[in-house]
Amino acid sequence: MKRLLSIALLAFAILTVGFGRPALAGDAAKGAKLFSANCAACHIGGGNVVMAMKTLKSAALEKYGMNSLEAITTQVTKGKNAMPAFAGRLKPEQIEDVATYVLEQSAKDWKG
(Lines give C-alpha, C1' and ligand atoms only; values in the text may rest on other atoms or scores of the structure.)
Protein backbone atom coordinates (compact mmCIF):
# COMPACT_ATOMS: atom_id res chain seq x y z
CA MET A 1 0.00 0.00 0.00
CA LYS A 2 2.84 2.40 0.86
CA ARG A 3 4.47 1.67 -2.47
CA LEU A 4 1.26 2.37 -4.40
CA LEU A 5 0.81 5.65 -2.54
CA SER A 6 4.42 6.63 -3.25
CA ILE A 7 3.99 5.91 -6.95
CA ALA A 8 0.75 7.90 -7.06
CA LEU A 9 2.37 10.90 -5.33
CA LEU A 10 5.38 10.74 -7.65
CA ALA A 11 3.13 10.64 -10.71
CA PHE A 12 1.13 13.61 -9.40
CA ALA A 13 4.34 15.60 -8.78
CA ILE A 14 5.67 14.86 -12.26
CA LEU A 15 2.40 15.84 -13.92
CA THR A 16 2.07 19.00 -11.83
CA VAL A 17 5.59 20.19 -12.62
CA GLY A 18 5.52 19.02 -16.24
CA PHE A 19 2.22 20.61 -17.16
CA GLY A 20 2.12 23.64 -14.85
CA ARG A 21 1.78 27.20 -16.04
CA PRO A 22 5.01 28.48 -17.59
CA ALA A 23 7.00 31.00 -15.55
CA LEU A 24 6.67 33.58 -18.33
CA ALA A 25 3.02 33.74 -19.25
CA GLY A 26 3.07 36.66 -21.67
CA ASP A 27 3.89 36.71 -25.38
CA ALA A 28 7.46 37.98 -25.79
CA ALA A 29 7.05 38.63 -29.52
CA LYS A 30 4.11 40.94 -28.89
CA GLY A 31 6.01 42.39 -25.93
CA ALA A 32 8.95 43.25 -28.21
CA LYS A 33 6.72 45.36 -30.45
CA LEU A 34 5.07 47.07 -27.49
CA PHE A 35 8.46 47.71 -25.87
CA SER A 36 9.75 49.25 -29.08
CA ALA A 37 6.74 51.57 -29.33
CA ASN A 38 6.42 52.53 -25.65
CA CYS A 39 9.62 51.86 -23.72
CA ALA A 40 12.66 51.95 -26.00
CA ALA A 41 13.02 55.73 -25.89
CA CYS A 42 14.14 55.47 -22.26
CA HIS A 43 15.24 51.82 -22.14
CA ILE A 44 16.99 51.21 -25.46
CA GLY A 45 19.05 48.02 -25.32
CA GLY A 46 17.98 47.42 -21.74
CA GLY A 47 19.53 50.65 -20.51
CA ASN A 48 17.96 53.58 -18.71
CA VAL A 49 18.55 57.11 -20.01
CA VAL A 50 16.94 58.74 -16.95
CA MET A 51 18.50 56.72 -14.08
CA ALA A 52 21.60 55.07 -15.52
CA MET A 53 22.09 52.58 -12.67
CA LYS A 54 18.53 51.22 -12.86
CA THR A 55 18.79 49.36 -16.14
CA LEU A 56 16.78 46.41 -17.35
CA LYS A 57 19.86 44.17 -17.24
CA SER A 58 19.67 41.03 -15.13
CA ALA A 59 22.01 42.22 -12.36
CA ALA A 60 20.16 45.52 -11.91
CA LEU A 61 16.74 43.87 -11.96
CA GLU A 62 17.92 41.48 -9.24
CA LYS A 63 19.58 44.24 -7.20
CA TYR A 64 16.41 46.33 -7.14
CA GLY A 65 13.98 43.43 -6.66
CA MET A 66 12.54 43.74 -10.15
CA ASN A 67 13.50 40.31 -11.48
CA SER A 68 10.02 38.80 -11.61
CA LEU A 69 7.03 39.03 -13.90
CA GLU A 70 4.94 40.42 -11.04
CA ALA A 71 7.41 43.15 -10.10
CA ILE A 72 7.87 44.36 -13.67
CA THR A 73 4.14 44.21 -14.36
CA THR A 74 3.46 46.34 -11.27
CA GLN A 75 6.16 48.86 -12.23
CA VAL A 76 4.85 49.21 -15.79
CA THR A 77 1.23 49.38 -14.62
CA LYS A 78 1.65 51.91 -11.81
CA GLY A 79 4.89 53.67 -12.74
CA LYS A 80 7.35 54.97 -10.16
CA ASN A 81 9.61 58.00 -9.84
CA ALA A 82 10.38 59.21 -13.38
CA MET A 83 8.66 56.26 -15.03
CA PRO A 84 5.06 56.96 -16.04
CA ALA A 85 2.20 54.54 -15.39
CA PHE A 86 1.03 52.63 -18.44
CA ALA A 87 -2.24 51.36 -16.94
CA GLY A 88 -4.30 53.75 -19.06
CA ARG A 89 -2.26 53.23 -22.22
CA LEU A 90 -1.79 49.46 -22.30
CA LYS A 91 -4.14 46.61 -21.45
CA PRO A 92 -3.10 44.24 -18.63
CA GLU A 93 -2.24 41.47 -21.10
CA GLN A 94 -0.06 43.89 -23.09
CA ILE A 95 1.78 44.87 -19.92
CA GLU A 96 2.35 41.18 -19.18
CA ASP A 97 3.72 40.76 -22.72
CA VAL A 98 6.17 43.63 -22.14
CA ALA A 99 7.23 42.18 -18.78
CA THR A 100 7.81 38.78 -20.38
CA TYR A 101 9.91 40.38 -23.10
CA VAL A 102 11.98 42.32 -20.56
CA LEU A 103 12.69 39.19 -18.50
CA GLU A 104 13.65 37.19 -21.60
CA GLN A 105 15.95 39.94 -22.84
CA SER A 106 17.56 40.45 -19.45
CA ALA A 107 18.34 36.73 -19.30
CA LYS A 108 20.19 37.18 -22.64
CA ASP A 109 21.80 40.43 -21.44
CA TRP A 110 19.84 42.21 -24.18
CA LYS A 111 21.88 40.53 -26.93
CA GLY A 112 19.55 39.24 -29.58
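**Note on the predicted model: pocket, fold and cysteines**

1. The lining of the largest pocket has 19 nonpolar, 6 polar and 2 charged residues. Here Ala, Val, Leu, Ile, Met, Phe, Trp, Tyr, Cys and Pro count as nonpolar, Asp, Glu, Lys and Arg as charged, and the others, Gly among them, as polar. The lining comprises 27 residues. His 43, Asn 48, Leu 56, Gln 75 and Met 83 lie nearest the pocket centre.

2. This is a predicted model: local features need pLDDT of at least 70, side-chain atom pairs count only at pLDDT 80 or more, and totals for chains, interfaces and linings use all residues. Residues are numbered from 1 along each chain as its sequence is written, and side-chain values use heavy atoms, with hydrogens and water left out.

3. The volume of the largest pocket is about 620 Å³. A pocket is an open set of points on a 1 Å grid over the protein atoms alone, where a 1.4 Å probe fits, with protein on both sides within 12 Å along at least five of seven lines; lining residues have an atom within 4 Å of a point. Points are joined across faces, edges and corners, and the volume is the space filled by probe spheres set on them.

4. The protein has 6 helices and 0 strands. Helices (H or I, at least four residues) and strands (E, at least two) are DSSP runs, numbered from the N terminus. At least two lining residues of the largest pocket come from each of α2 (28-38), α3 (40-43), α4 (58-63), α5 (69-78) and α6 (92-107).

5. Of the protein's 112 residues, 29% count as buried. Buried means under 20% relative accessible area, exposed over 50%, partly exposed in between (1.4 Å probe, protein chains only). Among contacts with a separation of 6 or more, 55% join residues 24 or more positions apart. A contact means heavy atoms within 4.5 Å.

6. Asp 97 lies in helix α6. Asp 97 is buried, at 10% relative accessible area. The C-alpha atoms of Asp 97 and Gly 26 are 4.3 Å apart, although 71 residues separate them along the chain. Beyond four places in sequence, Asp 97 touches Gly 26, Asp 27, Ala 28, Lys 30, Gly 31 and Leu 34.

7. The structure holds 0 disulfides. A disulfide is a pair of cysteine sulfur atoms within 2.5 Å. The sulfur of Cys 39 has its closest cysteine sulfur in Cys 42, 8.8 Å away, so the two are too far apart for a bond. Cys 39 is buried at 12% relative accessibility, whereas Cys 42 is partly exposed at 34%.
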